[in-house]
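Welcome, and please take a moment to look at the model below. We will then walk through it together, one part after another.

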Amino acid sequence: QVKLVESGGGLVQAGDSLRLSCAASGLTFSVHATGWFRQAPGKERDFVAAMTWSGDNTDYADSVKGRFTISRDNAKNTVYLQMNSLKSTDTAVYYCAVRAAYWGGGPYVNIDSYNYWGQGTQVTVSS
């Protein structure tokens, strides 16, 4: 059974940094494409960042380019989202997602490309 657990969210001020973590059990990140999405109150879940299974290619939403970085530690089987220069508009619940297919293309920006999701972690940025 696949389980994804996000952590690292919290309440910060604008301009601060946070690093979100997504730990997996039941699968190995190194053979699956992964992504981060976020959902603000009353809005749809939106793409934030994605990484191919190899880790060689990444993609980011325009709103976070240059501020957020997706990365992975294969030894810890954990995916990270480093968030710098946070803005109030980054306030949302952040979700880790994994594509069930082994290897494959990507990075995948479409929410429907992912099969497994974590429970989410709240990030609140005060201005």
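**A guided walk through the model**

F37 stands opposite Y95 in β9. Before going further, a word on what you are looking at: this is a predicted model, in which local features need pLDDT of at least 70 and side-chain atom pairs count only at pLDDT 80 or more, while totals for chains, interfaces and linings use all residues. Residues are numbered from 1 along each chain as its sequence is written, and side-chain values use heavy atoms, with hydrogens and water left out.

The opening pair belongs to two strands, β4 and β9, which run antiparallel and are joined by six bridges. Strands are DSSP runs of E with at least two residues, numbered from the N terminus, and two strands pair if DSSP finds at least two bridges between them. β4 also pairs with β5 in the antiparallel sense, again over six bridges. Within that pairing, the bridge partner of G35 is A50 in β5. The hairpin of β4 and β5 has five residues between the strands, and there G42 takes a positive phi near 75°.

How much of β4 is covered? Most of this strand is, since five of its six residues are buried. Buried means under 20% relative accessible area, exposed means over 50%, and partly exposed lies in between, with a 1.4 Å probe and protein chains only.

Rolling a probe the size of a water molecule over the atoms shows where empty space is left. A pocket is found on a 1 Å grid over the protein atoms alone: it is an open set of points where a 1.4 Å probe fits, with protein on both sides within 12 Å along at least five of seven lines, and lining residues have an atom within 4 Å of a point. The largest pocket holds about 170 Å³ of space, the volume being the space filled by probe spheres set on grid points that are joined across faces, edges and corners. Its lining is made of R38, Q39, A40, K43, E44, D46, F47, S63, T89, T91 and A92. The elements that give two or more residues to this lining are β4 (34–39) and β5 (45–51).

Now turn to an open sheet of four strands, with the order β1-β3-β8-β7 and antiparallel pairing. Its edge strands, β1 (3–7) and β7 (68–73), each pair on one side only. Neighbouring strands of this sheet are turned by 15° against each other on average, direction ignored; the axes are lines fitted to C-alpha atoms, and angles run from 0 to 180 degrees between N-to-C directions.

Inside the sheet, β3 and β8 (residues 78–83) pair in the antiparallel sense over six bridges. Here R19 stands opposite Q82 in β8, and L18 has M83 as its bridge partner in β8. β7 and β8 also run antiparallel, joined by six bridges, with V79 in β8 as the bridge partner of R72. Five of the six residues of β8 are buried.

What ties β3 to β9? The structure holds one disulfide, joining C22 to C96 with an S to S distance of 2.1 Å, where a disulfide is a pair of cysteine sulfur atoms within 2.5 Å. The pair links distant parts of the chain, with C22 in β3 (residues 18–25) and C96 in β9 (residues 92–98), 74 residues apart. Both C22 and C96 are buried, and their link is left-handed, with -75° about the S-S bond.

Finally, look at the backbone. Most residues other than glycine have a negative phi, and most peptide bonds are trans. N77, in the loop between β7 and β8, has a positive phi of about 50° although it is not a glycine. N77 is buried, with a relative accessible area of 15%. S85 lies in the loop between β8 and β9 and has a positive phi near 50°. At 42% relative accessibility, S85 counts as partly exposed. The peptide bond from G106 to P107 is cis, with omega near 5°, and P107 lies in the loop between β9 and β10 (116–117).
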